[in-house]
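Subject: Handover of a structure and its findings

Dear colleague,

Please find the structure below for your records. The findings follow directly after it.

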Amino acid sequence: MKKRIRRYFKHREKTRRFVIIAFFIIVLIICSATVMLALERQNKATNQYNSFIDALWWAIVTITTVGYGDIVPKTTVGRIVGIGLIFVGFTLFSLFTGLIASLMVEDKLKGARGLKQIKSKEHLVICGWNETARTMLKHFSRRGMDENLILVGDYLQEFINGLEAKFPNLSLKYIRGDFTQKDALMKSNVRFARHVFILADDKTPFENRDNR
C-alpha cells in the first residue's frame, strides 16, 4: 500500500512539473515574440517582423533550435534577446521533452505491470487462468478477434510476455490483482465489459476453487 501511495505521488509530481514547464515555455514564447516585435519594428529598413504571428513564428523556431533563418533579428538588442531565448528556451524545452518521455515510459511500464486503469468498453474480461483460458485465446486468435482482452490475476511478467508472443494478433491487456477484490475488477473497467469469464484458477487448490 505504501509503495502504491509513493508511486501515485511520484507520478503526480512529474505531471505537475510537466504543466509548470509547459506554462513557462508558453509564457516565454509569447513574451519573447512581443519584445522582439517591439524592438525590431523600430528598424524600419530591415524589419522582417510585420505582425505578431511573424514574431511568434521566430520565437517557436528559436526555442526549438530548428533555426530556419527566414526571420532573424537585425538590431543589437534584438539579437541579445534571441541569444537569451536560445539558452533559456533550450534548457526548458529539454526538460519538457524529457518529462514527456518519462511519463510515456512510466505509462507503458504501468501497463506492462498490470497497474494501468483500463478505459476501453465492450471488452472481454477473463478472471482466473487454466487450460480453458488458453483454449479460449487460441479460439479468439483463430477467429481474428479485434476486441480488447483483459486478463485479471496475479501473474508473472514472463507469463504475460509469453502470451503476447504466442498470440500477437490479440489485443491482450493485463490487470494485476485478485479478481475477487473490487479494486482489481474496477481497474479492468468490468462495468463496461461485454462479457466476463470467471474461471477456476489452476493456482488455487482444487477443493477451494468453487468457493473462490
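In what follows, a residue is buried if its relative accessible area is under 20%, exposed if that area is over 50%, and partly exposed in between (1.4 Å probe, protein chains only). On this basis, 34% of the 212 residues of the protein chain count as buried.

Two notes on the source apply. The model is predicted, so local features need a pLDDT of at least 70 and side-chain atom pairs count only at pLDDT 80 or more, whereas totals for chains, interfaces and linings use all residues. Residues are numbered from 1 along each chain as its sequence is written, and side-chain values use heavy atoms, with hydrogens and water left out.

Overall fold

The protein chain contains 6 helices and 4 strands; these are DSSP runs, numbered from the N terminus (helices: H or I, at least four residues; strands: E, at least two). Read from the N terminus, the order of the elements is α-α-α-β-α-β-α-β-α-β.

Strands are taken to pair if DSSP finds at least two bridges between them. β1 and β2 run parallel and are joined by 4 bridges, with Leu 124 standing opposite Leu 149 in β2. Strand β2 (residues 148–153) also pairs with strand β3 (residues 171–176), again in the parallel sense, over 6 bridges. Here Leu 149 stands opposite Leu 172 in β3. Of the 6 residues of β2, 5 are buried.

Aromatic contacts

Which residues do ring pairs link into a cluster? They are Trp 129, Tyr 155, Phe 159 and Tyr 174. Rings of Phe, Tyr and Trp (its six-membered ring) pair if their centres lie within 6.5 Å; planes under 30 degrees apart count as stacked, over 60 as edge-to-face and the rest as tilted. The whole structure holds 4 aromatic pairs.

One of them joins Trp 129 to Phe 159 edge-to-face, at 5.2 Å centre to centre and with 80° between the planes. Because Trp 129 lies in the loop between β1 (124–127) and α4 (131–143) and Phe 159 lies in helix α5 (residues 157–166), the pair ties together parts that are 30 residues apart in sequence. Trp 129 is buried, at 5% relative accessible area, while Phe 159 is partly exposed, at 25%. Phe 159 also pairs with Tyr 155: the ring centres are 5.3 Å apart and the planes stand at 50°, so this pair is tilted. Tyr 155 is buried, at 7% relative accessibility.

Further local features

Lys 121 lies over the face of Phe 192, at 4.7 Å from the ring centre; the criterion is NZ of Lys or CZ of Arg within 6 Å of the ring centre and within 35 degrees of the ring normal.

Helix α2 (residues 52–63) has 12 residues and spans 16 Å from its first C-alpha to its last, close to the expected 16 Å, where the expected span is 1.5 Å times one less than the number of residues. Its buried residues include Trp 58, Val 61 and Ile 63. Just after α2, Thr 65 takes a positive phi of about 60°.

Finally, the structure holds 0 disulfides, a disulfide being a pair of cysteine sulfur atoms within 2.5 Å. Cys 31 is partly exposed, at 42% relative accessible area, whereas Cys 127 is buried, at 3% relative accessibility.

With kind regards
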